[in-house]
Amino acid sequence: MPKVSETIPEALQPRVDAAITWFNTTDAAVKDEFEVTGILNPDDALIDREELHLIVCGGDRCEQHSFWVRGDSDNWDIGLLEHNLSSISHSAQAELDPPPGARLSWLDRVLAQHQFVLLLFYRGFW
């Protein structure tokens, strides 16, 4: 079972930063500015540094995307892997659900529009 961590290992941070910067330029971002809020199996990513499975949040959505990241900080080569979380496993265990701040601006914006907001947490997933 994959493990989701909100803490990005320091050794992976340049690759994670490059991946999210690249992702924000793609059509998949749909003009939203995404940020990384988690990583799947960070210990495995330290061993195979070309493959990153990240949880990214932007606008009103959070998604899991898998990237391949090659090269170095002077010349990154980045793309989306064909498989995603569903091909890795049918479920993931999270350390924190939801990640701190991932929905904070959304919640503030929605609360200003409505008298109340119902948040539903199901089996540790948000």
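## Stop 1: the disulfide

The structure contains one disulfide, a term for a pair of cysteine sulfur atoms within 2.5 Å. This is a predicted model, in which local features need pLDDT of at least 70 and side-chain atom pairs count only at pLDDT 80 or more, whereas totals for chains, interfaces and linings use all residues. Residues are numbered from 1 along each chain as its sequence is written, and side-chain values use heavy atoms, with hydrogens and water left out.

Select C57 and C62, which the disulfide joins at an S to S distance of 2.0 Å. The link of C57 and C62 is right-handed, with 115 degrees about the S-S bond. C57 has a relative accessible area of 4% and is therefore buried (buried means under 20% relative accessible area, with a 1.4 Å probe and protein chains only).

## Stop 2: the strands

Next, display the strands (DSSP runs of E, at least two residues; helices are runs of H or I, at least four residues; both are numbered from the N terminus). Strands pair if DSSP finds at least two bridges between them. Select β1 (residues 3–5) and β2 (residues 35–40): these strands pair in the antiparallel sense over two bridges. Here V4 stands opposite L40 in β2.

## Stop 3: the nonpolar core

Which residues have the most contacts inside the largest nonpolar core? Select L12, F23, I39, L52, L54 and F67, within a core of 17 residues. Such a core is a set of buried Ala, Val, Leu, Ile, Met, Phe, Trp, Tyr and Cys residues joined through side-chain atoms within 4.5 Å. Two or more residues each come from α1 (13–23), β3 and β4 (61–72), and α1 gives the most, with five.

## Stop 4: the aromatic rings

Now show the rings of W22, F23, F34 and F67, which form one aromatic cluster. Rings of Phe, Tyr and Trp (its six-membered ring) pair if their centres lie within 6.5 Å; planes under 30 degrees apart count as stacked, over 60 as edge-to-face and the rest as tilted. Three aromatic pairs are found in the whole structure. One of them is F23 with F34: the centres are 5.2 Å apart and the planes at 85 degrees, so the pair is edge-to-face. F23 lies in helix α1 and F34 in the loop between α1 and β2. Both residues are buried.

Key. Buried < 20%, exposed > 50% of the residue type's maximum accessible area, 1.4 Å probe, protein only.
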